[in-house]
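Let's take a walk through a protein chain together. Keep the picture open while you read, and find each spot as we get to it.

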Amino acid sequence: MELSSKKKLHALSLAEKIQVLELLDESKMSQSEVARRFQVSQPQISRICKNKEKLLADWCSGTANRERKRKRESKYSSIDEALLCWYHIARAEAWDVTGPRLLHKAKELAHIMGQDFVPSIGWLVRWKRRNNVGFGARHVLAPPFPPEPPPPSGLTSQTQLPLSLKDFSPEDVFGYAEVPLLYRAVPGRVGTGDRVQVLLCANARGTEKRRVLVSGLQAAPRCFFGVSSEALPASYHPDLGIPWSEWLAQFDRDMGRRGRQVALLLAAQTAEKLAGLSGLCHVRLLPLSTASTARSLPSSVVRAFKAHYRHRLLGKLAAVQSERAGTSLAEAGAGITALDTLHMVAAAWAKVPPPSIVSSFTREGLAPCRAPLSPDKASAMPPVPCGLSPEDFSRFVDLEGEEPVSGVCKEEVDTEDEGPGEGGFEPLPTKADALRALGTLRRWFECNGASPELFEKFYACEEEAERLCCL
């Protein structure tokens, strides 16, 4: 194919993306119709919808460059954010802010953070574009978030705010659950050493789910070889247990970037562990009453997550059995890796519908009831897999029970001899491998009567893979 016939990529600016979201919200236009109006592909409109919350946050921040078409994150994002914070303080105090002074301050901040970084003129130009910074005449600008008053002597920032649910909107009330998960278990057979701990967190409106954390995977399993940590669908921690200090600090930073004050409901046991924790400015810890039977994240939400995970696991094992005749479920389950688990956990959490989260928080009394509750909760649960009765599937979902088990997941071991790669590791796929795999998958869809809807999803995946191959 000649290069001249290749379709040009038309990127939209932030302002145009907001127009897209407004059109979809306020009119009855489909994504395809909006795509034709803006002369872009339908998958690009789909990605804009998927990133709606982040785009609106950038638009409302007042610091984003609204005409910029692509937002490339800096390698030194922590220095970026610290310098932007200092810049707003400097403008509010009407200090003389110049390019050389910003370069000097960035180098000073890098030294404080222990990072080996020397800012250049090019870096400063890109920093200004990313954050819509222009010097011009000196004038006082309001900082992006109002500064918090210093806490009274002897008190942390957690104790100076009213710790009551009525002080927060449901969108800003978050609950969490520590979920034990036997990630390789099959009906009728449980491996006691295949247990991980999953941390789920969502707000009471179901509009925001935090990235899932999976702990108990031990030191980097073999399946993680060559995989970028940024591309993992969920966070992981090697030890069985939740690294609360790290997780809460990241949560606090994320909320601070968006200028939000949120509440995190704490179970009594967790509240005792975090009693001495300080330094959180944007996440307020609200311990639940010890007399209350309510959980931070309602049990019905947790059960829906586990049901979707079990359903996805059985589907994957059935596919393995169809490929390898004579393979039992237990043998197929033994091949599930820690990386498979991260993907299935993330997919299961994404499948839990927001309406079921809202109704669950409302039933537990953790959110106000603004609409009548629907008695039908079936939509939150996946269909019962073939070959299992509803009772059997229910027992399979509740396999872990309440009793604690000390075992953690075992590192994956090969059932065959080491592969051809160095040290037994499988060679990393090349760009050519990825393109061939896409062709094979499309051919398989064509030969098996895939639906148009499935092809639309495939086209979006194909477009993204081809874009990555061109980087």
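This is a predicted model: local features need pLDDT of at least 70, side-chain atom pairs count only at pLDDT 80 or more; totals for chains, interfaces and linings use all residues.

Where does Gln39 sit? You'll find Gln39 in the loop between H2 and H3. Most residues other than glycine have a negative phi. Gln39 isn't a glycine, yet its phi is positive, at about 60°.

Now look at the helices on either side of that loop. Two packed helices are described by the angle between their axes and the distance between the axes. Helix H2 covers residues 31–38 and helix H3 covers residues 42–50; their axes come within 8 Å and cross at roughly 110°. Angles from 65 to 115 degrees count as roughly perpendicular, so that's the word for H2 and H3. Who makes the contact? On the H2 side it's Gln31, Ser32, Val34 and Ala35, and on the H3 side it's Gln42, Ile45, Ser46 and Cys49. Sort the residues of this contact by type and you get 4 nonpolar, 4 polar and no charged.

H3 has another partner to meet. Helix H1, residues 14–26, has an axis that comes within 10 Å of the H3 axis, and the two cross at roughly 85°. H1 and H3 are therefore roughly perpendicular to each other as well. Here Lys17, Val20, Leu21 and Leu24 of H1 meet Ile45, Ile48 and Cys49 of H3. This contact divides into 6 nonpolar residues, no polar ones and 1 charged.

Next, jump along to helix H8, residues 244–257, where Asp254 is found. Is Asp254 buried or exposed? It's buried, because its relative accessible area is 17% and the cut-off for buried is under 20%. The side chain of Asp254 makes a polar contact of 2.7 Å with the side chain of Arg257.

Compare that with another aspartate, Asp340, in helix H12 (residues 338–351). Its relative accessible area is 24%, so Asp340 is partly exposed. A polar atom of the Asp340 side chain lies 3.1 Å from the backbone nitrogen of Thr337. Asp340 also shows how a chain folds back on itself in space: Leu313 is 27 residues apart from Asp340 in sequence, but their C-alpha atoms are 9.4 Å apart.

Let's check on the cysteines. A disulfide is a covalent bond between the sulfur atoms of two cysteines. How many disulfides does the structure hold? The count is 0. As for where cysteines sit, Cys201 counts as buried because its relative accessibility is 1%, while Cys386 counts as exposed because its value is 81%.

Finally, zoom out to the whole chain. The secondary structure comes to 16 helices and 6 strands. Of the 471 residues in the chain, 39% are buried. And if you take the contacts between residues at least 6 apart in sequence, 70% of them join residues at least 24 apart.

Notes. Residues are numbered from 1 along each chain as its sequence is written. Side-chain values use heavy atoms; hydrogens and water are left out. Helices (H or I, at least four residues) and strands (E, at least two) are DSSP runs, numbered from the N terminus. Buried means under 20% relative accessible area, exposed over 50%, partly exposed in between (1.4 Å probe, protein chains only). A polar contact is a pair of N or O atoms within 3.5 Å; within protein, one must be able to donate a hydrogen and the other to accept it, and residues adjacent in sequence count only if both atoms are side-chain atoms. A disulfide is a pair of cysteine sulfur atoms within 2.5 Å. Axes are lines fitted to C-alpha atoms, for helices over the stretch in contact, and angles run from 0 to 180 degrees between N-to-C directions. Angles under 35 degrees count as roughly parallel, over 145 as roughly antiparallel, 65 to 115 as roughly perpendicular and the rest as oblique. Contact means heavy atoms within 4.5 Å. Ala, Val, Leu, Ile, Met, Phe, Trp, Tyr, Cys and Pro count as nonpolar, Asp, Glu, Lys and Arg as charged, and the others, Gly among them, as polar.
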